[in-house]
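Here is a short tour of a protein for someone who likes to know where the residues sit. Have the sequence and the 3D view open as you read.

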Amino acid sequence: LSGRTTQQEQDGVSRIDESVNKRNKGDFTLWKLSKPGEPKWKSPWGFGRPGWHIEDTAITEKFFGPQYDIHGGAQDLIFPHHEAEITQMESVSGKKPFVKYWMHTGFLTVKGEKMSKSLGNFITIRDFLKDHPARLLRFFVLKAHYRSPIDYSSELLEQTQSELQRIDEFVSRIQDTRYKIQDTKNSSAEKPFKQIQKSFSEAMEDDFNTPLAISILFDLIRDGNSLLDQNKMSRAEAKEILTFLKQIDEFFGFIFLGREKQTIPSEIKKLAEQREQYRKQQNWAKADELRKQIESLGWVLDDTPSGPKLKKVK
């Protein structure tokens, strides 16, 4: 599984129990004899406990049987742990392969350093969720390929939050009835959208290439925003895009799942309406004054081709 050769056995011996009694350096322990204070069970070989490698094999055989499709784990488990699992199960069952697909994840680092409690750079999912929504964590993780390392930093998290906001704004634009979407079908936009759907599927089928899939999602957002700006998107196309986004969010879980619906206070709405009236009267001084007042209350007002749009400052 690791691609190692017999000449490399020596350099990993510390991880598979070095002993002068071994007939082969690659041998590993199935049953460990008990030591004082350790849990122990009776066996034909005396009191002891299962070795590390056979614990997982026993669990998976009980629930999945001697063969199953997918086995996951971090890259540092390829050798010797997963190779030991293969050896055990295929030997006892006589069936190959033990597992069809092995999915090994990259490591998580913090500012280039390995996560460690001793370095004080350790963060749990539970602690992360105290200050951030779960959808942000999902998006943050999916931006990197599962086999690649992820470097956690506040700067990268802010960038991810900004990108997530861009997705939210696009979804709002599609859903917002204030945008006068055409009733007629615009055939010029249909073909590129079909190609985007095809490219997205191909990316996901290529070893779950989520970074590429997400870049294709942003291509869709860019092209969709351009059509909305030019008032060239039909209602049928808007519905098709929303359906596609909902379908992929069934496994992505960061587009709609956990998304908070923005509620605009009546006071802010009233100020925005008053400002729009001043703009129509070309009273730019009063319009700017109301914009600053809206911003002081924690809202940003964007003037779009289809009218003003309010966003809460995060």
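Predicted model: local features only at pLDDT ≥ 70, side-chain atom pairs only at ≥ 80, totals over all residues.

Residues are numbered from 1 along each chain as its sequence is written, and side-chain values use heavy atoms, with hydrogens and water left out.

**Overall build**

The protein has 10 helices and 9 strands; these are DSSP runs numbered from the N terminus, with helices being H or I of at least four residues and strands E of at least two. Its radius of gyration is 28 Å, well over the 20 Å that the globule rule gives for 314 residues, so the protein is more spread out than a compact globule. That radius is taken over C-alpha atoms, and the rule is 2.2 Å times the number of residues to the power 0.38. Along the principal axes, the C-alpha atoms fill a box of roughly 95 × 45 × 35 Å.

Of the 314 residues, 35% count as buried. Buried means under 20% relative accessible area, exposed over 50%, and partly exposed in between (1.4 Å probe, protein chains only). Among contacts (heavy atoms within 4.5 Å) between residues at least 6 apart in sequence, 64% join residues at least 24 apart.

**The cores**

A nonpolar core is a set of buried Ala, Val, Leu, Ile, Met, Phe, Trp, Tyr and Cys residues joined through side-chain atoms within 4.5 Å. The largest one has 42 residues, and Ile167, Leu217, Leu245, Phe252, Phe254 and Ile255 touch the most other members. Helix 4 (134–142), strand 7 (150–152), helix 5 (154–175), helix 6 (187–205), helix 7 (210–229) and helix 8 (235–252) each give two or more residues to this core. Its largest share, 9 residues, comes from helix 7. Leucine 217 touches Ile167, Leu245, Ile248, Phe254 and Ile255, leaving out residues up to four places away in sequence. Apart from this core lies another, of 9 residues, among them Leu271, Leu290, Trp299 and Leu301.

In helix 4, the buried residues are Arg135, Leu136, Leu137, Phe139, Phe140 and Leu142. The buried residues of helix 4 pack against helix 3 (125–131), strand 7, helix 5, helix 7 and helix 8.

| Residue | Relative accessible area | Class |
|---|---|---|
| Aspartate 207 | 30% | partly exposed |
| Phenylalanine 208 | 42% | partly exposed |
| Asparagine 209 | 19% | buried |

Aspartate 207 has a positive phi of about 55 degrees although it is not a glycine. Phenylalanine 208, also not a glycine, has a positive phi near 50 degrees. Leaving aside neighbours within four places in sequence, asparagine 209 is in contact with His145, Ala203 and Met204.

Where are the cis peptide bonds to look at? One joins phenylalanine 79 and proline 80, with omega about 0 degrees, and proline 80 is in helix 2 (residues 78–93). Another joins lysine 96 and proline 97, with omega about -5 degrees; proline 97 is in the loop between helix 2 and strand 4 (99–105).

Phenylalanine 122 lies in the loop between strand 6 (113–114) and helix 3, and at 42% relative accessibility it counts as partly exposed. Phenylalanine 122 touches Met115, Ser116 and Lys117, not counting residues up to four places away in sequence.
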